[in-house]
Amino acid sequence: MSLPVAPKPAQRRFQQASWDEPIIFELSTPGERGVLVTGIEAGVRDAVGDVVGDLPAGLRRAAPPALPEMGQMRVLKHYLRLSQENLGADFNVDIGQGTCTMKYAPKVNDQLVGTPALTAMHPLQNPADAQGVLEIVWSTERMIAEISGMDEVSLHTQGGSAAIWSNIAMIRAYHEANGEGEQRREVITTIFSHPSNAAAAKAAGYDVITLYPDADGYPDLEALKRALSPRTAAIMVTNPEDTGIYNPAIKDWVDAAHAVGALASYDQANANGILGITRARDAGFDVCHFNLHKTFGTPHGCGGPGAGANGVSAALAPFLPGPRVARESGTDGSTRFVVREAGEQSIGAVAPFFGVIPNIVRAYAWMMALGADGLRAVAEIAVLNNNYLLKKVLEIPGASAPYATGRRRIEQVRYSWQELFEETGITSEEIGVRASDFGMHYWTSHHPYLVPQPFTLEPTESYSMAELDEYAAVLAEIAREARETPDVVRTAPHNQTVHHTHHDDLDDPERWAITWRAYQRKYFGAPVDPAGRVGSAGDRIETGATAAEAAA
Amino acid sequence: MTEPFVHPYIPNTAPESKAAMLAAVGAASVDEFYADVPAELRLDRPLDLPAPFTAEQDLVRHVEGLLGKNVSTRQRLSFLGAGTYHHYVPAVVDEVIGRSEFLTAYAGEPYEDHGRFQALFQYQSLMAELLAMDVVNVPTYDGYQATATALSMAGRMSGRRRILVASDVLPAKLSKVHDFVRVHLDLEFVETIDGVADVAGLVSRLGDDIAAVWVETPSHTGAVEAQLQKISDAAHAAGAVLVVGTDPIGYGVLTPPAEQGADIVCGDIQSLGLHQWFGGAHGGFIAVHDDTKFIMEMPSRLFGLATTDVPGEYGFGDVAYDRTSFAHREEGKEWVGTAAALWGIAAGVYLALMGPQGMRDLGELLLARTRYAQQQLGAIPGIALGDTAVHLREFTIDLSGAGLTAAGLVGALRAEGIEPGVAVGEHLLLVCVTEMTSQADIDRLAAAIASNTDHQTSETISTLEEQSA
């Protein structure tokens, strides 16, 4: 065959890397070293003697930990190979994880936070030496206060669910301060709000009432009014919900909660489509939170760290976590940033120090790259992309978007393959596995599956029309396969790192293996040495002075 | 927006694409999509935000300008710890967690994200070896949360409310733990003696209503608990769970708590290959034995090994997913969500690089430098060590004999470019040494403190306090 190259087929011929790497313990070679520790100075050694030998017997480790022994490049190679076996958002059209706002996390922000001017900062340094990072924390708080309309913002929490915990912890402290802690024992949420609203409320000691939508998929105001009472501590809701449906009566919801003395807490995980359009405080909410790793463009890190931002009204501000960063003005017009300990009513330190600083700086840089016009463009294009994708998906026979038929959606849609399932027996989970064969991530829904055979797409603002077309084309192709060659779907994956995996060992305490150590014990019946071989542990690593001298 | 706003992060701001997509969905403008947002809730003005730096090079100049105001621990000689520690981060760790495939992934399934599952299974496994326990979670947020959850697990398992706190606990950690557990548990403090647990006092308060005994080792002041086995035996005799909060950095040389009876071991992994990052790089671990009663109380994800259709191929999946709030909302254990997975991968790479000998060398070095610093500072006239316990990495010095306040000394030494430690009492300073603080650094600290004890008068001390406030 000679030039020209033939046109590409309709679907990408994707093949995930498959290095068939062993578990790292199997790569151990006795005596190899990955990194050396600086030596103990002779002067120190002379002064202190044999510190390990001098430990009380009970404190001295008998056998060294059976970590692998590996040269540096082998460790690197192992992990780089694993990284290639991972489908990061930078690689795929990552619109399949609805509710999670998988948008572009700009590379420049990663570079900015990797500087020693940030990585080498200790949180208890003299604030005079931390003016840059403190200013960024303060400015980020102020920008999010403007975006939400709230009076004060805290950036302490490390993820969305942690921020939900802070919401309910502040609400709890507020009611207690008003002498209503004992009376208000219930929290009301909706089934299309993130499960952590229910779960965190329960962890904080509340009884949870979960409301279901009306026939059109809108949150049911009458159901809310029936559930509200003097026992209600708060409503904790998402809007738009995970269906992408905006609750037009949201202010009535908040007002109804306030009418019984309850607070209103707003999970803004789905805020990406409403930045600059509408604000939490304008609807009357008392507390809210954003996920900086969703809406504000910080990377998701394989499941964290994220970062949360809690916004509150002035009435709730005394309950915010601490310490707080404040700006002070000098008489000469200069400003400086200071650290203030949490006040008496604060819920305290919900996390170490000031929160996930690298992500706070990334979120700051992301906002500063966009500005007010940019944030509004984020929202509008995210919503345009979603409604465009909605049209493309609804053109696929067997796919549907339950609820609010014919209406526009905000930033995501929870779809259903129920018709395709009834026709072919292929489930949404099976479609998801097959989607990975095309290099696409796909997710179903949180549990319970109120929408049958669900899938949830959120295209964000980050993907081009051509990429949205490609994703929709993959779904259409799988739907075609479900009808014409269903075994191809059922036996997926075909182009992945590993083959069909058997999950039956994962729920049986007798058989599950949560660590290599447990696996060796359960299936090979003996402790293993650092090389991963069954045998006597710890006879190769010298203890006491011998090893120390060798290292010095 | 009066003119087309095209932004590199938003491809469909290209006017042609935007127009084509609007036409495709039959919308005159994006306004139509917001039909459900009532007019009274619509923001009728642009957000009031600073003017942006839309050109990347301008953004870099702006942010670097701000960060340039920082004076980091590379310029200051730092003996700060108290929860965030300055350890060396091997280059390979940063290389791995900087990989786009890991950095930007999220919640992929075991097929497409095999690498993530294996890397985190290995993290669990490497930590398990260090801690001598069979089960370790995918990291939760930080050591504070890990401890709060560990105590809550004990409460749920036992149906009891009382927790005996046997050690000195970092106040911020205690703040978090208290607010997290207070609905379900009561914390009761058994005052420490000479930096470590008062075992007799603890035993006298044990009873069949104690859910757990909580030991921190090293404690807030860096003291290593030497009587763990005794505490464990007593707790177990009362039917209580022994929860040990710790920092894993020392277990190349120190006996892991599990070998002295700990039932749940928890703490923070920041020491294992994560930069200080102004306190913004923490992850929490919870380790238990392979005991269903404990495992089923864990809220975090647990990745386990599985077979595949191909012999010799490792697959992975979620173990006992039904525990979680992902599966059952409020009926799950606490909740699970985005936490600190990337930091777990980092800690795994760190432990693989260090190996058994590296962790042993580091543990010995920390013990040696700590002892050396104690000797040097304790030899200064008027300065006394806070206690006589074995210390790892951190210890306190009492400045009252020198007529110094801790805050005053901190202020004085900052003027010399030294962060001497954290004031944890009027006259008590918490000093932290690591592999990053050399003998010469410690000698410099000792000389600077000695110079202050020689020359300070109460008048100058009060001046310095004002400056540092």
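How many residues of chain B are in contact with residues of chain A? The count is 180 in chain B, against 184 in chain A. Contact here means that the C-beta atoms, placed from the backbone, lie within 7 Å. Helix H12 of chain B, residues 341-378, gives the largest share of chain B's side, with 25 residues. By class, that side holds 92 nonpolar, 51 polar and 37 charged residues. Nonpolar covers Ala, Val, Leu, Ile, Met, Phe, Trp, Tyr, Cys and Pro; charged covers Asp, Glu, Lys and Arg; the others, Gly among them, are polar.

This is a predicted model: local features need pLDDT of at least 70, side-chain atom pairs count only at pLDDT 80 or more, and totals for chains, interfaces and linings use all residues. Residues are numbered from 1 along each chain as its sequence is written, while chains are lettered from A and ligands numbered from 1 in the order in which they are written.

Strands (E, at least two residues) and helices (H or I, at least four) are DSSP runs, numbered from the N terminus. Pairing requires at least two DSSP bridges between two strands.

S12(A) pairs with S9 of chain B, residues 303-308, over two bridges. Thr501(A) has Thr308(B) as its bridge partner. His502(A) stands opposite Thr307(B).

Methods. Contact = placed C-beta atoms within 7 Å.
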